Amino acid sequence: MSDNIATLEIKGEKYEFPLIHGTENETAIDIKSLRGSTGGIITIDPGYKNTGSCESAITFLNGEKGILRYRGYAIEALAEKADFLEVAYLLIFGELPTSEQLTKFYKDIKAQSVVDDDVKKILDAFPKSAHPMGVLASLTNALTAFNPSSVNVDSEEDMYKAIVKILGKFPVLVAWTMRKKRGLPLDYGDSSLGYVENVLKMMFKQPNEEYKLNPIIVNALDKLLILHADHEQNCSTSTVRIVGSSHAGLFASLAAGISALWGPLHGGANQAVLEMLEAIKEDGGDTKKYMAKAKDKDDPFRLMGFGHRVYKNFDPRATIIKKAADEVLGDLGVEDPILDIAKGLEKEALEDSYFVDRKLYPNVDFYSGIIYRAMGIPTEMFTVMFALGRLPGWIAQWREMRLRKEPIGRPRQVYIGENHREFKNIADR
Ligand code: CMC
């Protein structure tokens, strides 16, 4: 392998492939010509553990060193100094906005924040027992019916319109999803408020009293949304990109991303963590018993909120969230025994060779649910909050994929089924 060429030898024949280098010195072998030049040989990599699906300029993460940056800015600095809307702008358009750009961006979002009233009829058709993620995915997809025109990706204006439209309507759907579950009337909040403030008001306002914003809760939610805003080619983002690669619309692509996020190995982990911590508490707080279950190969139980496909040192988001959990619970005067159970589990895991050897550390979801709970957000809504945070990342990735005119995503396979066989009539089977 020279600096720019990789050589592959198959059955005595040598093939050369160019190397691609990223701006952070990551190297990839460009195998686009592999199948053509070798007469049909492909690579296989279930779970894409070693496969890059694209070149991207949005998010950089280094799992070994625990680095996460959006457009070059460290997540620690953004969580500390920026607000969620600034981060959304940064992710989507590549630069931090000036105050004029940010004001215009928010004004345009607010102008699009009314949802067609008929969407309420769809929401009404769901049973109260429906999981909010299923409802959110359906409502997001339903938006395609109310906004049927496809986005002309060659028109900056068209792209911008679609983006502010979904950023305006999505928080309404998030809030309505929760209000429906709680039997509260659907509301539109107050567009004189900031983006995150308005989300909280739309979610929590009682019909018979004024809603008072708590700055501790506003700041905590702002931080959580920033930490979740993008994470390069994870399961839901790859889903958004692959659905969008068929030129399906933005909202349809996002709805698919929401479904992918729902699973407990991905965004659904925040709900699963809290349910696990609750179960441990109900079971007498015996963390050792659950550690043993997690290590037992015959037991399907996993320590939820632990481990990450990419982070093999620590998840920088988890470090920020753990600190925030302490601060938020302290500031709100909430004493939650679950926080102690979480800290106990983390301490035991970090000293246990099973977790140490496999490089399993707490991930972003280990402590986030504890903060959401302290804010009064129901457990089933946790993954919906993750989706709200991830929305700008999905949009940025979809936009990048379309602007780069990436081809339709269509993996190959190695067929391991039956060879050709003759059809048998039903009477002969
Ligand atoms: N508890 C116990 N064992 C684990 C865990 C866990 N949470 N995670 C991984 N392992 C073990 C796994 O059994 C395997 O052991 P062995 O090598 O002996 O077979 C080894 O560690 C490697 O695991 P893997 O499943 O091959 O790793 P992966 O990269 O495919 O999976 C993961 C990553 C996040 C899906 C996995 O760690 C997991 O299931 N964690 C719990 C769910 C969770 O917290 N998900 C949220 C991820 S962060 C939010 C997001 O970005 O979506």
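What follows is a short exchange about how terms are applied to this structure.

Guide: This is a predicted model, where local features need pLDDT of at least 70, side-chain atom pairs count only at pLDDT 80 or more, and totals for chains, interfaces and linings use all residues. Residues are numbered from 1 along each chain as its sequence is written, and side-chain values use heavy atoms, with hydrogens and water left out.

Visitor: Why is the contact between E156 and R399 called a salt bridge?

Guide: The term requires a side-chain nitrogen of Lys or Arg within 4 Å of a carboxyl oxygen of Asp or Glu. Here the N to O distance is 3.6 Å, so the pair meets the definition. The structure holds 27 salt bridges. E156 lies in helix α7 (residues 156–182) and R399 in helix α18 (residues 382–403), so the bridge ties together parts 243 residues apart in sequence.

Visitor: What makes those two count as buried or exposed?

Guide: Buried means under 20% relative accessible area, exposed over 50%, and partly exposed in between (1.4 Å probe, protein chains only). E156 has 52%, so E156 is exposed. R399 has 12%, so R399 is buried.

Visitor: How do you know that D326 and K343 form a salt bridge?

Guide: Their closest N and O atoms are 2.8 Å apart. That is within the cut-off, so the name applies. D326 lies in helix α14 and K343 in helix α15, so this pair ties together parts 17 residues apart in sequence. D326 is at 36% relative accessibility, so D326 counts as partly exposed. K343, at 29%, also counts as partly exposed.

Visitor: Which residues do salt bridges with shared partners join into one network?

Guide: E55, R241, E400, R404 and E406.

Visitor: Why is I44 called exposed?

Guide: I44 has 60% relative accessibility, so I44 counts as exposed. I44 sits in the loop between α1 (34–38) and β4 (59–62).

Notes
Helix = DSSP H or I, 4+ residues; strand = E, 2+ residues; numbered from the N terminus.
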